[in-house]
Amino acid sequence: MKLLAIEVGQFGDYYNSRYQHVEQYGVELYVLSGVADSDHWHSGRFFISNSMDIRELTELACQLHQNFHFDGVFTFSENSVIATAIIAETLQLPSISIDAAVKSRNKIAMREAHRAGQAPHPKFRLTPTLTEALQASELLGYPVILKPTLGASSQFVYKINNSRELEDVFPKALIGINEMRQFKNEGNTDVLGSNSLMIESYLNGREFLIEAYSWDGVTVLGSIIDRVTLEGNSFDDDVHHGPTDLNDEDIQRVHAAVHAGAIAQGLIRSVMHAEIRFHQGLPYIVEIAARPGGGGLDFMARISAGYCPIKAVIDVAVGNKPNYLNYTPTGKDTFALCLISTPGCIEKITVPEEITKDPSIFMLKIIASVGDVINRPPLGNDIIGFLGVMGDNRQKTEDKAMKYSQQVVVTTR
């Protein structure tokens, strides 16, 4: 089996561990990027178009398909969802539609789809100017959420409590959304939609991260992870626990919400990463992405629920229905968090040997390097990496993860 992975703008070697996992299923994997370092993947299986224009990326994909005859196309990258749909359609390989890709990438298009399809969602307004943001916030009522239409990784997402905070944060976010790495890694295409800011009503309950897939009108939840962060006014995807502590009734409600969102977005045959937040006892859609979740969510899904999002991606990419039933916990406990430092230029990162040699560590991924500049709110939400611990007891697993996270020392200036 030959698959082509799309990564329009390279994100370092962040996805390499996932590419290696794809290979473990016997796949001959090729990677295509628009702009990237030449040593990003295996020699002879890594190609660069040297352009962020999706038309040029697609032209190179067509040439490669003539040579290698791919069985499917996929992406792990939020910034490449639209490009992947365009390329797959051009190569006549299984894919979501371009329209569904846009509705799963651009948050204002997503919300409009949810409204049209009556999927549960917060109230929202597109607010390209501060005046419009102030008006929308007064209409929806504080607190509100300010977020980018083409964001990722919680960059420039803020809880706004009053007009004074909005007047302070909005101009910084408006500049930041054009400079953030996630947007710069997006392929150039005329179907991308508005790159702007939007205001949403605040959902005041707990948040859950779901790995799932849709197949011909059926939605299967593979994994449910609890977000256990104590939030401030900015959002980091920083602390997660699995399996979920939701009861069966709430799981059914979450399933109904994810299913409604998938139908609304046109995700007929697709893997999904859904973020659901409760408000007044009912689940609402924060977002549904047409890709697996990032960080260590694939590890957590496999360990705590026996669901492999990577295998689901492979199956869907070649037009096969994934062989997974609805969510069933394994009894194994997982606790994962982002490694966060003070802002500044990184001078040194130290990881103790106690951490690197502990067999209970299922994930230790350092994505920052010496010399990188770390921005923290309100200028950004950059992180150092990810740490995940597994065990048979939630409290012990959580305690170890928190202890280890404090032992990873990052020196910045």
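User: So, is H3 mostly covered or mostly open?

Analyst: Mostly covered: nine of the 11 residues in H3 are buried. Keep in mind that this is a predicted model.

User: Which residues of H3 are buried?

Analyst: The buried ones are Val81, Ile82, Ala83, Thr84, Ala85, Ile86, Ile87, Ala88 and Leu91.

User: And what covers the buried residues of H3?

Analyst: The cover includes strand S1 (2-9), helix H2 (54-68), strand S4 (72-74) and H4. Just after H3, glutamine 92 takes a positive phi of about 60 degrees.

User: You mentioned H4. At what angle do H4 and H5 pack?

Analyst: Helix H4 covers residues 98-105 and helix H5 covers residues 107-117; they pack at about 105 degrees, and their axes are 5 Å apart. An angle from 65 to 115 degrees counts as roughly perpendicular, so H4 and H5 are roughly perpendicular to each other.

User: Which residues make that contact?

Analyst: From H4, Val102, Lys103, Ser104 and Arg105 take part, and from H5, Lys107, Ala109, Met110 and Ala113. By type, the residues of this contact split into four nonpolar, one polar and three charged.

User: New topic: how many residues are in the largest nonpolar core?

Analyst: That core has 54 residues, and Ile6, Leu32 and Ile210 have the most contacts inside it. Helix H3 (residues 81-91) gives the largest share, eight residues. In soluble globular proteins, nonpolar side chains tend to be buried together.

User: What does isoleucine 210 touch?

Analyst: Leaving out residues up to four places away in sequence, isoleucine 210 touches Leu221, Ser223, Ile224, Val254, Met272, His273, Ala274 and Ile276.

User: Cys308, okay. Is cysteine 308 buried or exposed?

Analyst: Cysteine 308 is buried, at a relative accessible area of 3%. Cysteine 62, on the other hand, is partly exposed at 25%.

User: How many disulfides does the structure hold?

Analyst: Zero disulfides.

User: Last one: where is glutamate 275 found, and is glutamate 275 buried or exposed?

Analyst: Glutamate 275 is in strand S12, residues 269-279. With a relative accessible area of 9%, glutamate 275 comes under the 20% limit, so this charged residue counts as buried. The C-alpha atoms of glutamate 275 and lysine 147 are separated by 15 Å, with the two residues 128 apart along the chain.

Definitions and conventions: Residues are numbered from 1 along each chain as its sequence is written. This is a predicted model: local features need pLDDT of at least 70, side-chain atom pairs count only at pLDDT 80 or more; totals for chains, interfaces and linings use all residues. Side-chain values use heavy atoms; hydrogens and water are left out. Axes are lines fitted to C-alpha atoms, for helices over the stretch in contact, and angles run from 0 to 180 degrees between N-to-C directions. Helices (H or I, at least four residues) and strands (E, at least two) are DSSP runs, numbered from the N terminus. Angles under 35 degrees count as roughly parallel, over 145 as roughly antiparallel, 65 to 115 as roughly perpendicular and the rest as oblique. Contact means heavy atoms within 4.5 Å. A nonpolar core is a set of buried Ala, Val, Leu, Ile, Met, Phe, Trp, Tyr and Cys residues joined through side-chain atoms within 4.5 Å. Buried means under 20% relative accessible area, exposed over 50%, partly exposed in between (1.4 Å probe, protein chains only). A disulfide is a pair of cysteine sulfur atoms within 2.5 Å.
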